[in-house]
Amino acid sequence: MAIKTSGSLSFADIRSEFGGATPASLGSYYRGGSLVPNGPAENNNIPTSGAISLSSFYGASNVFNATFTGNFVIMDLRVELINRGWNQSAPVRAYFAPGTIVRSYSPDFAALNISGSFPNGIKVVIDSATIVGCGGFGGNGAGFDAYGNNMAGTAGGRGGPAIWCGTSVSIENLGWILGGGGGGGGGAATYVGVYNAKDYTTYYLSGGGGGGGMDWIQSSYGTSGTSPSGHRGGNGGYGNSSNPGSGGQGGLYSGFRAGSGGNGGSWGAPGVAGGDTSGTGAAVPRTSGGAGGSALLGNRHITWISYGTRLGAIEW
């Protein structure tokens with residue numbers, strides 16, 4: 001609770017707000033020192049050195065208020081707070097303002113990392129802001145090499161988590177916490193043998209590529225498998241913040257079709273597995289879609305004031 005803004009002030013008022021030894025002098029309470037945080041605007045009247053008086057402390061607060069606006073990529077919240085002047089002791093209120101985006105470019109890293117020591121507590125307010133994990137890549141379709149040998153496709157990539165939490169925190173979510181979408185799997189491949197009067201011709205139909213999972217910017221699509229006869233499938237589509245990517249169609253010959261790639265997943269949802277062949281059996285199997293990204297990891301550390309919108313798994 002902040003110090004009053006008018007009336008008489010005593011040294012006891014200052015010590016009650018900021019702590020400190022007894023007896024102590026005003027010289028122990030310079031802004032940016034071990035007792036008085038540098039961050040809140042309410043503390044701007046407190047000098048960092050030189051002359052200091054009781055009147056400098058009207059409205060001062062021991063809570064370090066940090067407001068985040070704009071776009072951030074893979075934020076370590078504790079490091080960011082220290083860079084903004086937090087003394088690593090004061091209580092913290094981290095406020096993500098409307099329209100702010102915190103995102104990740106890799107499923108291996110959460111968009112927002114809340115970990116480390118906050119001795120006097122931390123509250124995070126997500127106010128019409130978005131914390132969003134990375135979308136998974138689309139899997140490549142199955143196919144054949146130049147000699148007709150089978151070439152396996154690849155599975156869709158997993159989506160990334162929005163928040164990783166390793167310390168006690170209160171979260172008031174008035175916005176969106178979104179795990180990345182999983183990538184779609186690659187389609188199955190097949191071949192068709194055709195006899196004619198003179199010879200036997202083999203047509204190789206490759207599987208379509210999977211679509212990328214939903215991502216704030218753009219997730220990678222999967223490519224179609226290769227075909228020595230030129231009957232390739234289509235590539236998958238990019239995933240973005242509006243839609244997951246669509247899977248590409250499988251290669252086609254005379255009514256026979258290889259498997260299409262699977263569609264990417266929506267926020268926090270798995271990608272769809274690649275499709276099977278039609279009209280003939282699969283020579284090279286389809287692959288699975290990637291898992292959806294978690295909305296958060298470390299739920300046991302969190303006290304929820306408001307849940308808001310959370311898409312994706314809520315784990316441990």
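Strand 4 and strand 7 (residues 122-126) run parallel and are joined by five bridges, where strands are DSSP runs of E of at least two residues and helices are runs of H or I of at least four residues, both numbered from the N terminus. Two strands are taken to pair if DSSP finds at least two bridges between them. Within this pairing, Arg93 has Lys123 of strand 7 as its bridge partner. Strand 4 is also joined to strand 1 (residues 64-68), again by five bridges and with the two strands running parallel. Here Phe64 stands opposite Val92 of strand 4. Because four of its five residues are buried, strand 4 is largely enclosed by the rest of the structure; buried denotes a relative accessible area under 20%, exposed one over 50%, and partly exposed a value in between (1.4 Å probe, protein chains only).

The model is predicted, with local features requiring pLDDT of at least 70 and side-chain atom pairs counted only at pLDDT 80 or more, whereas totals for chains, interfaces and linings use all residues. Residues are numbered from 1 along each chain as its sequence is written, and side-chain values use heavy atoms, with hydrogens and water left out.

At the level of the protein chain, two helices and 21 strands are assigned. Along the principal axes, the C-alpha atoms fill a box of roughly 105 × 30 × 25 Å. Of the 316 residues, 46% are buried. The accessible surface amounts to about 13,600 Å², and carbon and sulfur atoms contribute 49% of this area, as computed by the Shrake-Rupley method with a 1.4 Å probe; for residues, only the protein chains shown count as cover. Among contacts (heavy atoms within 4.5 Å) between residues at least 6 apart in sequence, 65% join residues at least 24 apart.

An open sheet of five strands, with parallel pairing, has the order 2-5-8-13-20. Strand 2 (71-73) and strand 20 (309-311) form its edges, each pairing on one side only. Neighbouring strands of this sheet are turned by 10° against each other on average, direction ignored; the axes are lines fitted to C-alpha atoms, for helices over the stretch in contact, and angles run from 0 to 180 degrees between N-to-C directions. Strand 13 (residues 176-178) runs parallel to strand 20 and is joined to strand 20 by three bridges, with Thr309 as the bridge partner of Trp176.

In helix 1 (residues 11-18), Ile14, Glu17 and Phe18 are buried. These residues lie on the same side of helix 1, because they cover an arc of only 80° around the axis, the arc being that of the directions from the helix axis to the C-beta atoms. Just after helix 1, Gly19 takes a positive phi of about 75°.

Most residues other than glycine have a negative phi. Gln88, in the loop between helix 2 (77-83) and strand 4 (92-96), has a positive phi near 70°. With a relative accessibility of 38%, Gln88 counts as partly exposed. A positive phi, near 45°, is also found for Ser254, which is placed in the loop between strand 16 (252-253) and strand 17 (256-257). Ser254 is exposed, at a relative accessible area of 57%.
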